[in-house]
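Me: I would like to know how the labels used for this model are reached. Please set each value against its cut-off.

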Amino acid sequence: EAEASVAAPFTSKIKDISCVIEVLKEGRAALVTSFQSFKFMALYSLIQFTSTIISYSYSCSMNDGQFPYLDIILCLPLAITLCQSKAVEPLVKETPPDSLFSAYVFGSVLGQTLIQVVFQVLIIRFLTSQIWYVPEIAAIFQGAKIETTILFIYSSFQYIIVAFAFSKGKPFKAPIKAHSLFGFTLMFTLGITCFLLISPYTILHKLLNLVPVHFSFRLSCLLIAVLNFTFSMIFEEVISILQLKSSRKVEIPSLQQNIF
């Protein structure tokens, strides 16, 4: 029953205006999802850029096996499943940001970028402050180094953190518990990252060109990642609250009928 009309996507078999509510819910969810995808891809690039710059400052670089892992195994499934959540059931009076250039979207991106950069600098400074740390100077940009190992694993945590932080779509999108595919992707990528950090040296570490690190330091990295997660979630929650409060202040003028 397709119609060659601009209004065709909005036609419905329901003989009342209840379909308008569905259009509004799905439209708001789609708009929020597009903003979330933009923010995640922006943070994905900025996190990788930061880790690359820091590794260059220590005369080392991630190898050809680590970049495909981050791009294909880690970030691609997160980016795809992040967009698969459904609209929330009740239609609320709040409205999502109406522009990609809104202060809340850019504020979220800039704030999360600052948080991830600070924690990457913190983790590498924490590494160089260890008594067992010895900088390698001989093989510049060659072979596996402890700096790239730590930056690679810790930045993997940050990709997962920002994906989870940006997935919050309330009150326009269904929560993560109703989005099993994205939840499974988060648990899968988090499990692999924790395995790379905590487990002893395995064939997977060798394939990714990672070097062994002291176990106590690996546990410290995990605690710092938890702290990173806390700061990111708190900041994103604050941005969300401010945006919703701002949307409530926008009053829709009531329709007045003039009898005369």
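Reply: Phe-35, Phe-38, Lys-39, Ala-42, Leu-43, Leu-46, Ile-47, Thr-50, Ser-51 and Ile-54 of H1 meet Val-105, Ser-108, Val-109, Gln-112, Thr-113, Gln-116, Val-117, Gln-120, Val-121 and Ile-124 of H3, contact being heavy atoms within 4.5 Å. These residues divide into 12 nonpolar, seven polar and one charged; Ala, Val, Leu, Ile, Met, Phe, Trp, Tyr, Cys and Pro count as nonpolar, Asp, Glu, Lys and Arg as charged, and the others, Gly among them, as polar. This is a predicted model, where local features need pLDDT of at least 70, side-chain atom pairs need 80 or more, and totals for chains, interfaces and linings use all residues. Residues are numbered from 1 along each chain, and side-chain values use heavy atoms, without hydrogens and water.

Me: What makes H1 roughly parallel to H3?

Reply: The axes of H1 (residues 18–57) and H3 (residues 103–128) come within 10 Å and cross at roughly 30 degrees. Angles under 35 degrees count as roughly parallel, so H1 is roughly parallel to H3.

Me: Why is Cys-60 called buried, and why is Cys-83 called partly exposed?

Reply: Buried means under 20% relative accessible area, exposed over 50%, and partly exposed in between (1.4 Å probe, protein chains only). Cys-60 has 2%, so Cys-60 is buried. Cys-83 has 33%, and is therefore partly exposed.

Me: How many disulfides are there?

Reply: The count is zero, a disulfide being a pair of cysteine sulfur atoms within 2.5 Å.

Me: Why is Ser-180 called exposed?

Reply: The relative accessible area of Ser-180 is 60%, so Ser-180 counts as exposed. Ser-180 lies in H5 (residues 180–198).

Key:
Axes are lines fitted to C-alpha atoms, for helices over the stretch in contact, and angles run from 0 to 180 degrees between N-to-C directions. Helices (H or I, at least four residues) and strands (E, at least two) are DSSP runs, numbered from the N terminus. Angles under 35 degrees count as roughly parallel, over 145 as roughly antiparallel, 65 to 115 as roughly perpendicular and the rest as oblique.
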